[in-house]
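Reader: I would like to go through this model term by term, setting each value against the definition behind it. Could you begin once the structure is in view?

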Amino acid sequence: MRKILLTTGLLIICMSLIAQEIAISVDAHPTVVAGQGFRMVYSVNSTDGRFQPPAFDRSFTVTGPQTSTSRNVQWINGEVSTVATTTLIYYVVASETGKFTVPAAQYITKKLTVASAPVVIEVVSDGSAAAGAAGASGPAGSAAGQAQSQTGQTASGGTEVSLRLIMSDNTVYVGQPVTVTLKLYTRINLSGINDLKYPDFKGFLREDIETPPLNALQQETIGGVVYGTGVLQKFMLFPQVPGEIKIDPVQITAMIQQRASGGDPFFNDPFFDSFFSNVTTVPRTVSSGPVTLNVKPLPSPQPSDFYGAVGSFAVSSSLNRTDIEVNDALTYTVTLKGSGNLSLAGAPVISFPQGIEKYDPKINIRSTGAGAGSKTYEYLLIPRNTGTFDIPPLSYTVFDLGQQKYITYRTEGYKINVTGSTGTGDAAASPAYIPGDDVKYLGQDVRFIRSEDPDFKTGSSPLVESVSYWLWFLFALLGAAAVLLVRREHIRRNADTTGVRNRRAATVARKRLVKANALLVAGKSELVHEELARALWGYLGDKLSLPMSDLTRENCYTDLRGKSVDEETVTELDRILTACEYSRYSRAGESESPAGLYKRTVDLIRKLENLLT
């Protein structure tokens with residue numbers, strides 16, 4: 001009897017699943033901020049088909065999907081109802097502003113194909129989002145509308161996670177150091193931060209400041225909203241050109257903790273959610289807003305003894321001794337001390353008297369933090385002649401930021417008394433040492449003619465009169481010409497990067513297929529589909545000469561059709577790529593076997609190689 005009831009129940013469940021009408025719903029916010037991540041959630045009331053994602057705009061950076069499936073059966077008053085759900089979450093970052101339409105996604109089953117409604121998303125700038133958030137109700141809107149930083153950025157932008165570049169000053173001179181703080185704001189739990197990406201800082205020189213690792217966040221209230229904040233990095237920028245210079249956004253990947261509850265409605269109860277829900281970590285790309293820095297040129301004309309030092313400095317000099325023996329060494333030191341662009345300040349030009357040999361200065365920088373410290377130039381001097389020598393006072397000009405004008409510092413001069421002997425005899429009569437004079441040979445440069453009888457021998461005939469010499473010479477000449485031609489052809493072929501990628505496409509794909517076969521033999525079926533997808537994408541990129549930024553399905557299909565590839569082959573390629581992607585997120589047994597998919601991929605690449613050669 002139990003078996004009959006169980007069989008009847010299963011039949012009822014199957015009939016209810018068949019009768020269930022399949023539909024796709026999509027959830028996405030209609031207005032998002034450029035450079036900040038948002039979610040697009042697709043829900044399908046079925047688990048027996050294959051999801052075909054939409055063709056996102058090229059300006060969108062898409063990660064995912066994060067896929068989950070659930071199947072709930074309820075028996076109420078003798079009636080059985082079944083709810084099967086597939087949820088796919090895409091994490092998107094839009095880099096350009098404007099209105100974008102995300103086309104319909106499709107869900108393909110054996111009997112029918114259904115499509116979702118297209119979604120219109122408006123991407124606005126950070127400033128526009130802040131203005132809109134200021135009029136919104138709730139703490140997030142007030143925080144975005146009221147909390148303005150000294151650089152003109154909102155503290156949080158009304159978002160859950162955001163970044164800010166905080167500048168020590170917005171208007172500076174060329175060469176003036178600017179301290180920049182990269183600060184994180186969050187209202188949700190984070191499990192970590194990865195992939196900190198800086199822009200190229202065109203027009204600046206960058207110098208990192210030692211920053212403690214971010215181990216804990218500090219609470220900070222902005223506009224009545226409590227945020228967890230922390231400093232990710234501090235660094236200094238030295239502008240090199242005048243004008244308004246735009247600093248592009250800094251980007252990070254924040255690992256966000258999200259709570260995913262069970263599929264049974266019983267577990268959606270708020271009381272039980274903390275006990276029966278799962279916490280998942282989701283990557284989200286977060287970018288800071290762009291910052292513009294106004295850089296003023298230094299006043300003209302610049303003094304001749306200005307060596308690029310900008311800041312608040314003092315200049316001094318010292319000499320380790322003034323009485324010295326000839327050919328002994330002494331040290332002349334110039335010290336630049338204060339705060340500013342120490343690392344960019346140049347060495348002074350000093351005219352030492354003739355008779356003193358000078359070596360290039362040894363430079364030593366001691367930093368006390370944030371551009372402050374001292375920079376020393378140590379000159380090694382060696383007197384080559386006796387006498388009294390005068391080292392003139394040093395003139396060094398800096399641009400003082402406090403007074404906003406050039407200030408010239410002058411150090412004291414020194415008198416050096418050199419004693420001792422330079423040698424005896426001919427050496428003593430030699431002229432005084434002058435750096436740069438040519439070295440003359442003073443040894444014995446005349447030798448006597450030999451007086452004994454010479455022993456002459458008759459030699460063989462010259463080598464150039466033999467036939468073998470000329471044959472070997474001709475052979476070497478022809479060999480050199482052949483090597484030259486082969487080398488020139490090799491250079492010409494390698495210069496054609498498109499041709500090189502085209503020729504190596506099959507070889508690289510074959511290596512990846514061998515690796516996929518090894519994984520298949522080892523029983524690692526879950527990794528075979530990923531390796532097959534890499535083999536196909538790598539082959540298409542090399543064979544069609546497409547850069548990684550343009551390597552999409554639509555571009556590949558268009559180029560293949562342009563090369564007279566039949567539609568059946570293009571369709572087979574689309575099916576294999578879809579199967580590889582679907583198998584990564586589907587449960588075991590719901591996708592094609594790895595062995596079958598491997599054979600189809602090998603046959604497809606072999607066929608494409610014949611068609612595209």
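Author: The structure holds zero disulfides, where a disulfide is a pair of cysteine sulfur atoms within 2.5 Å. This is a predicted model, in which local features need pLDDT of at least 70 and side-chain atom pairs count only at pLDDT 80 or more, while totals for chains, interfaces and linings use all residues. Residues are numbered from 1 along each chain as its sequence is written, and side-chain values use heavy atoms, with hydrogens and water left out.

Reader: Why is Cys556 called buried?

Author: Buried means under 20% relative accessible area, exposed over 50%, and partly exposed in between, with a 1.4 Å probe and protein chains only. Cys556 has a relative accessible area of 1%, which is under 20% and therefore counts as buried. Cys580 is also buried, because its relative accessibility is 1%.

Reader: Which residues of helix α8 are buried?

Author: In α8, which spans residues 553-562, the buried residues are Arg553, Asn555, Cys556, Tyr557 and Leu560. The name helix rests on a DSSP run (H or I, at least four residues), as the name strand does on a run of E of at least two, both numbered from the N terminus. Just after α8, Ser564 takes a positive phi of about 65 degrees. By the DSSP run rule, the protein chain comes to 10 helices and 31 strands.

Reader: What is the order of the open sheet of three strands, and which are its edge strands?

Author: The order is β4-β8-β9, with antiparallel pairing. The edge strands are β4 (50-52) and β9 (113-115), since each pairs on one side only. From one strand to the next, the twist averages 20 degrees.

Reader: How do you know where the predictor's confidence is under 50?

Author: The score is pLDDT, the predictor's confidence in each residue, from 0 to 100. The protein chain averages a pLDDT of 78, and 77% of the residues score at least 70. Over residues 261-276, pLDDT stays under 50, and the model has 16 contacts beyond four places in sequence for them, a contact meaning heavy atoms within 4.5 Å. Over residues 424-431, pLDDT likewise stays under 50, with one contact beyond four places in sequence.

How values were computed. Two strands pair if DSSP finds at least two bridges between them. Axes are lines fitted to C-alpha atoms, for helices over the stretch in contact, and angles run from 0 to 180 degrees between N-to-C directions.
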